[in-house]
Amino acid sequence: MQELFNIEGLDPAAVKLPRGRNGYREAYSLTGEHGSELISIQLAGVAGSLKGTSHIDVHGDALNAGGFDVHQLCKAIMARRGWVTRVDLAADDTDSLLPWAEIVECSRADQYENRITTTTCRPRKDRQTGKMEPNPPTYMRGAGETIYYGELDSDLSICAYTRRGPVRIETRIRNRAAATDVIRRIAEGEVLPELMLGVLRRNLMFHANGMKRKDRRPVASWWSEFLNSAAAVKLPRKRPEAHRSPWFVPPTRADRFVKAFKRNLVGATPEEIQGLAEMLYSLAGTSPVPAF
């Protein structure tokens, strides 16, 4: 914490947790004055890709509080050949450019396909029936209003909400290659607001209303103004070797085949899947065959 976040005079015993978490033997947590976690560090990964690694969480409250240089932190991560498991990029509409009522209207289940172009709401296959089902944005109301574009556990999802004052748009990146590339870009000096808006432009666009096909209609003027001419940023889906775990073992062709068949063979019995696995592993010339 002292090295990466410039926190002097911190007693490790005072912030050590009684037990590890998330597959790590040791865990340390620094909290704010109201008890919310600001930074956590987990050490001594137990097995698999975690073996011999450390994991650091930096929460939004820590970033808002300031006190350390995000650019330098990203440089330190890259210099250590670290990789990133999740990055959330947020932009607040402090200039009141975004008409919330129209965003809600565009995102309705019966409107979004006509008003929105997005990578996050593509149809998905139902695991029970095997059929492709629509995947509309999800609207929720509580302390404020929230719209989710895409599943929360997917590689990339977008969230828009009003519960903290101005409209906030968050891009939540869970794909490790994409998240690591965001950190690399910041470490190399890319301007964070432009990067965030560029990722947003690539993955979510609102179109003006009209009778023509949406791809022939212009982007909604308020969305163009909010994006501020940022160029679209496409993030990679595969990490460079330097930023993989040294214990990473790439899957064989047989592994990939079996995973695909397990995902798509709706209604197959365990015996049928096991027989298929044995056949594929035999063809690939690999052993032993795992139990499925």
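Predicted model: local features only at pLDDT ≥ 70, side-chain atom pairs only at ≥ 80, totals over all residues.
Residues are numbered from 1 along each chain as its sequence is written, and side-chain values use heavy atoms, with hydrogens and water left out. Local features need pLDDT of at least 70 and side-chain atom pairs count only at pLDDT 80 or more, whereas totals for chains, interfaces and linings use all residues.

Five strands form an open sheet in the order β4-β11-β10-β9-β8, with antiparallel pairing. β4 (87–92) and β8 (138–141) stand at the edges. Each has a single partner strand, so one side of each is left without a neighbour in the sheet. On average, neighbouring strands are turned by 15° against each other, direction ignored. Strands here are DSSP runs of E with at least two residues, and helices are runs of H or I with at least four; both are numbered from the N terminus. Two strands pair if DSSP finds at least two bridges between them. In general, strands of a sheet pair through backbone hydrogen bonds, either parallel or antiparallel.

Strands β10 (residues 156–161) and β11 (residues 168–173) pair in the antiparallel sense over six bridges. Leu156 has Ile173 of β11 as its bridge partner. Strand β11 also holds Arg168. This arginine counts as buried, at 16% relative accessibility. Buried means under 20% relative accessible area, exposed over 50%, and partly exposed in between (1.4 Å probe, protein chains only). Arg168 touches Ala90, Ala91, Asp92, Cys159, Ala160 and Tyr161, not counting residues up to four places away in sequence. Contact means heavy atoms within 4.5 Å.

Helix α8 (residues 192–203) lies across β4, β10 and β11, at about 80° to β11. Axes are lines fitted to C-alpha atoms, for helices over the stretch in contact, and angles run from 0 to 180 degrees between N-to-C directions.

Helix α4 (residues 70–79) has Leu73, Cys74, Ala76 and Met78 as its buried residues. They pack against α1 (2–5), β3 (55–58) and α7. Asp69 caps the N-terminal end of α4, with a side-chain oxygen 2.8 Å from the backbone nitrogen of His71. Arg81 follows α4 and has a positive phi, near 60°.

Cys121 is buried, with a relative accessible area of 6%. Cys159 is also buried, at 1% relative accessibility. A search of the whole structure finds zero disulfides, a disulfide being a pair of cysteine sulfur atoms within 2.5 Å.

Methods. Polar contact = N/O pair within 3.5 Å; in protein donor to acceptor, adjacent residues only side chain to side chain.
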